[in-house]
Amino acid sequence: MEFDDKKRSKSGLVVCLRDMGNGKSRIFMDDVVADKDKNPITWKYDCFYTFTPEMGNAEIDDMNLTEEQFQNIGMAVVARLLALNGRVK
């Protein structure tokens, strides 16, 4: 796709990074639903999905997470998107 056609699934996942205030951060993931009436790419909060264990800010800032940490984050994202779209096997 060469441009954004503004078409989306009815549900999605929002991911945010939260500084916990103790030198560590967590990645939070929440389900969102598209507002098809107003704008198909405007999202509204639906429900909490998951969060990662606390990780050191320095490791996150330097993108120096372990291969396993990166893999776990990616697997959580893809697994939830599959579930939201009814494609879990």
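Biologist: How far is the sulfur of Cys16 from the closest cysteine sulfur?

Modeller: A disulfide is a pair of cysteine sulfur atoms within 2.5 Å. The closest cysteine sulfur to that of Cys16 belongs to Cys47 and is 14 Å away, which is too far for a bond. Cys47 likewise is in no disulfide, and the structure holds 0 disulfides.

Biologist: On what basis are such values given?

Modeller: The model is predicted, so local features need pLDDT of at least 70 and side-chain atom pairs count only at pLDDT 80 or more, while totals for chains, interfaces and linings use all residues. Residues are numbered from 1 along each chain as its sequence is written, and side-chain values use heavy atoms, with hydrogens and water left out.

Biologist: Are Cys16 and Cys47 buried, exposed or partly exposed?

Modeller: A residue is buried under 20% relative accessible area, exposed over 50%, and partly exposed in between (1.4 Å probe, protein chains only). Cys16 has a relative accessible area of 37% and is therefore partly exposed. Cys47, at 29%, is also partly exposed.

Biologist: Which sense of pairing do S2 and S3 show?

Modeller: Their pairing is antiparallel, over 8 bridges. A hairpin of 3 residues joins S2 to S3, and Val32 stands opposite Tyr45 in S3.

Biologist: Where does Asp46 lie, and which residues does it contact?

Modeller: Contact means heavy atoms within 4.5 Å. Asp46 belongs to strand S3, residues 39-51. Apart from neighbours within four places in sequence, Asp46 is in contact with Asp31, Val32 and Val33. Asp46 and Ser11 are 35 residues apart in sequence, but their C-alpha atoms are 8.8 Å apart in space. With a relative accessible area of 41%, Asp46 is partly exposed.

Biologist: How can the length of helix H2 be checked, and what is its span?

Modeller: The expected span of a helix is 1.5 Å times one less than its number of residues. For the 18 residues of H2 (residues 67-84) this gives 26 Å, and the end C-alpha atoms are 26 Å apart, so the two agree. Just after H2, Gly86 takes a positive phi of about 65°.

Biologist: Which residues of H2 are buried?

Modeller: An α-helix has 3.6 residues a turn, so residues three or four places apart point the same way. In H2 the buried residues are Ile73, Ala76 and Leu84. They lie on the same side of H2, because they cover an arc of only 60° around the axis; the arc is that of the directions from the helix axis to the C-beta atoms. The face turned away from this buried side carries the exposed residues Glu67 and Glu68. The buried residues of H2 pack against strand S1 (11-19), strand S2 (24-35) and S3.

Biologist: Which residues make up the largest nonpolar core?

Modeller: A nonpolar core is a set of buried Ala, Val, Leu, Ile, Met, Phe, Trp, Tyr and Cys residues joined through side-chain atoms within 4.5 Å. The largest has 8 residues: Leu13, Ile27, Met29, Met55, Ile60, Leu65, Ile73 and Ala76. S2 and H2 are the elements that give two or more residues to this core. Leaving aside neighbours within four places in sequence, Ala76 is in contact with Met29 and Tyr49.

Biologist: Is Thr52 buried or exposed?

Modeller: Thr52 lies in the loop between S3 and strand S4 (55-56). At 9% relative accessible area, Thr52 is buried. Not counting residues up to four places away in sequence, Thr52 touches Arg26, Ile27 and Ile73.

Biologist: What is the phi of Met63?

Modeller: Most residues other than glycine have a negative phi, and most peptide bonds are trans. Met63, however, has a positive phi near 55°. Met63 lies in the loop between H1 and H2 and is exposed, with a relative accessible area of 60%.

Methods
Helix = DSSP H or I, 4+ residues; strand = E, 2+ residues; numbered from the N terminus. Pairing = 2+ DSSP bridges.
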